[in-house]
Amino acid sequence: MRKAALLISAAACLAGLSCSIPILESQNCIEARTAAGEFYSFHFGGDMRFSKDVFISHEKYLTSDFAGKIKDSPENTDPFTTASNDFPKAFRIGACSDLGDDQVRTEVLLFWRDDNRSEQRAIHVDLKKENGRWLISNIAYQ
């Protein structure tokens, strides 16, 4: 009886080890995904309408090149989600691709849901590691 219990325990341990889930994302993707989530949580938690004040509060999350590209975005639009005044209600960070040289591309899923509309749209957000921090370097709208 004791031998059978030992064999069952050993088999259970081996089965558990053989079924472990490998980490499929690079360390860069893991870190950049966290940074993208922090940025979009900050963005969705405030006023999404672009203004000089919004730009200043968001600038610390952007590379200087990307900040220069969007600093003159039209007011009352959202250059971080749709580049329009169609503001999503929620987001989720999706797939990530490691582009090499401390750069990644992350999919950000945007959601709209109300009585008249239920929609999902994806954008691609590029992040670059500068001075030890992951910063947004580009946003491609679909």
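Visitor: In which element is Gly-94 found?

Guide: Gly-94 is found in strand 1. Some ground rules come before the details. This is a predicted model, where local features need pLDDT of at least 70, side-chain atom pairs count only at pLDDT 80 or more, and totals for chains, interfaces and linings use all residues. Residues are numbered from 1 along each chain as its sequence is written, and side-chain values use heavy atoms, with hydrogens and water left out.

Now the setting. The protein chain has four helices and four strands. Both kinds are DSSP runs numbered from the N terminus: helices are H or I with at least four residues, strands E with at least two. From the N terminus on, the order is α-α-α-α-β-β-β-β.

Back to Gly-94. Its relative accessibility is 9%, so Gly-94 counts as buried. Buried means under 20% relative accessible area, exposed means over 50%, and partly exposed lies in between (1.4 Å probe, protein chains only). Of the 142 residues of the protein chain, 35% count as buried.

What surrounds Gly-94? Neighbours within four places in sequence aside, Gly-94 is in contact (heavy atoms within 4.5 Å) with Arg-33, Thr-106 and Glu-107. Leu-109 is 15 residues from Gly-94 in sequence, and their C-alpha atoms are 6.5 Å apart. Across the protein chain, residues 24 or more positions apart make 47% of the contacts with a separation of 6 or more.

Strand 1 also carries one end of a covalent link. A search of the whole structure finds one disulfide, a pair of cysteine sulfur atoms within 2.5 Å. Cys-29 and Cys-96 form the disulfide, with sulfur atoms 2.2 Å apart. Cys-29 lies in helix 2 (residues 27-44) and Cys-96 in strand 1 (residues 90-100), so the pair ties together parts 67 residues apart in sequence. The angle about the S-S bond is -85°, and the link is left-handed. Both cysteines, Cys-29 and Cys-96, are buried.

Asn-28 is found in helix 2. At 17% relative accessibility, Asn-28 counts as buried. Leaving aside neighbours within four places in sequence, Asn-28 touches Asp-98, Asp-102, Val-104 and Trp-134.

Finally, the surface. The protein chain exposes about 8,900 Å², and carbon and sulfur atoms supply 52% of it. Accessible areas come from the Shrake-Rupley method with a 1.4 Å probe; for residues, only the protein chains shown count as cover.
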